[in-house]
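Here's a quick walk through a model, from salt bridges to cores and domains. Have the structure open and follow along.

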Amino acid sequence: MVQFSRICFRKFGNFVDNLRLYVRGGTGGMGMPRLGGQGGNGGDVWVVATKNVTLKRIKDKYPLKRFAAGAGVNSSIRALKGEKGKDQEIFAPVGITVTTEDGRILGDLNAEGDRVMVAKGGPGGGLYSAFEPSKGQAKHIRLDLKLIADLGLVGFPNAGKSSLLTAMSNATPQIASYAFTTLKPEIGKLMYKDHKQISVADLPGLIEGAHINKGMGHKFLKHVERTKQLLFVVDVCGFQLASKTQFRSAFEAVQLLTKELELYKEELVSKPALLVVNKMDLPEAEDKLQELKEQLKNPDGKFEV
Ligand SMILES: Nc1nc2c(ncn2[C@@H]2O[C@H](COP(=O)(O)OP(=O)(O)OP(=O)(O)O)[C@@H](O)[C@H]2O)c(=O)[nH]1
Ligand SMILES: [Mg+2]
């Protein structure tokens with residue numbers, strides 16, 4: 001049996017999964033008719049995949065959402081060929097698709113360092129343009145986070161995430177009574193009576209220290225980034241990874257999971273989320289659930305890591 005209750009997050013619901021930006025390449029530099037001089041080309045605008053950046057951070061840092069590259073340098077007597085304008089780089093998260101406003105794909109950024117040019121600078125003035133420079137390209141672009149599912153199951157290993165997905169969808173992930181059974185996301189589809197469909201991703205279990213990459217933490221947390229909403233799954237009886245590690249109650253599990261997400265990327269805790277308290281058939285589960293509910297109502301001062 002599964003019980004649902006809501007977790008109230010501080011910044012509930014402002015996760016950003018797409019962003020519209022205005023980009024403009026630099027204008028070219030003037031040519032010099034008298035000496036046949038060539039103006040420099042305008043700089044280009046690039047989107048560059050970078051670690052530790054989120055769309056929300058771009059939005060907060062650049063509220064105008066406008067990015068323009070530098071103008072090309074005019075041809076002069078000292079430098080007949082003017083220098084190229086400065087390129088503008090927009091640092092964006094890994095795992096996004098860059099499109100024009102009408103949906104044409106400009107590029108996919110799948111790995112750190114991948115880059116795509118989104119607005120070319122205008123050519124400088126020269127012999128073939130009557131020494132008149134051109135303006136750079138200007139357009140709106142969209143950055144879309146590539147989501148793998150609407151809902152992601154997040155929990156410590158062995159909490160019952162794969163069992164839950166099996167119970168509510170057509171998927172048949174592997175289930176076993178040891179930690180780290182699931183090593184890569186498995187997607188299940190859920191169909192409602194009105195034929196609406198949502199996709200649910202069974203994700204690998206997280207452990208304490210996942211944010212500093214313990215237990216392949218970063219690889220696993222990356223999947224969490226790519227779901228729209230989260231479903232936290234905790235074992236009502238708590239969890240202990242190994243005899244050497246500390247036992248964690250269901251309440252501590254909830255706290256630790258949110259903490260791991262927050263320490264990895266703060267925005268992750270602003271995704272809409274629900275809590276599933278699992279394994280309600282175990283002895284004393286009702287009492288433990290009551291205790292958990294009390295603790296969730298008054299979360300302060302009861303927890304130290
Ligand atoms: N008693 C009881 N056992 C359950 C329940 N749900 C899952 N289990 C058991 O818990 C164990 C772990 O289940 P999984 O679904 O593989 O857990 P998981 O969260 O996917 O684990 P990882 O993939 O390792 O992260 C299995 O032995 C399941 O049979 C439940 O509601 N009640
Ligand atoms: Mg699993």
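## A salt bridge by the domain boundary

D108 is partly exposed, with a relative accessible area of 38%; buried here means under 20% relative accessible area, exposed over 50%, and partly exposed in between (1.4 Å probe, protein chains only). K146 is partly exposed too, at 22%. The side chains of D108 and K146 meet in a salt bridge (3.6 Å, N to O), where a salt bridge is a side-chain nitrogen of Lys or Arg within 4 Å of a carboxyl oxygen of Asp or Glu. D108 sits in strand β7 (residues 105-109) and K146 in the loop between β9 (138-145) and β10, 38 residues apart. Helices (H or I, at least four residues) and strands (E, at least two) are DSSP runs, numbered from the N terminus.

A word on ground rules: this is a predicted model, so local features need pLDDT of at least 70 and side-chain atom pairs count only at pLDDT 80 or more, while totals for chains, interfaces and linings use all residues. Residues are numbered from 1 along each chain as its sequence is written, chains are lettered from A and ligands numbered from 1 in the order in which they are written, and side-chain values use heavy atoms, with hydrogens and water left out.

Another stays within helix α5: E294 and K297 are three residues apart, about one turn of the helix, and their side chains meet at 3.6 Å, N to O. E294 is partly exposed, whereas K297 is exposed at 60%. D44, K84 and D87 form a network of salt bridges.

## Two domains

How far apart are the C-alpha centres of domain 1 and domain 2? They lie 41 Å apart. The bounds, from an automatic or database domain assignment, are 3-15 + 147-297 for domain 1 and 18-145 for domain 2.

Seven residues of domain 1 and six residues of domain 2 make the contact, meaning heavy atoms within 4.5 Å. About 640 Å² is buried between the domains, with carbon and sulfur atoms giving 56%; buried area is the accessible area (1.4 Å probe) that two parts lose on being put together, summed over both. The rule finds one salt bridge across this interface.

## The cores

The largest nonpolar core has 32 residues, and V154, L206, F232, V234, L261 and V277 touch the most other members. A nonpolar core is a set of buried Ala, Val, Leu, Ile, Met, Phe, Trp, Tyr and Cys residues joined through side-chain atoms within 4.5 Å. Helix α4 (250-264) is among the elements that each supply at least two residues, and α4 gives the most, with eight residues. Apart from this core lies another of 23 residues, including F67 and I141.

Which residues of helix α2 (residues 161-168) are buried? They are K161, S162, L164 and L165. Seen down the axis of α2, they fall within an arc of 160°, so they line one face of the helix; the arc is that of the directions from the helix axis to the C-beta atoms. Those buried residues pack against β10, β11 (186-191), β12 (197-202), β13 and β14.
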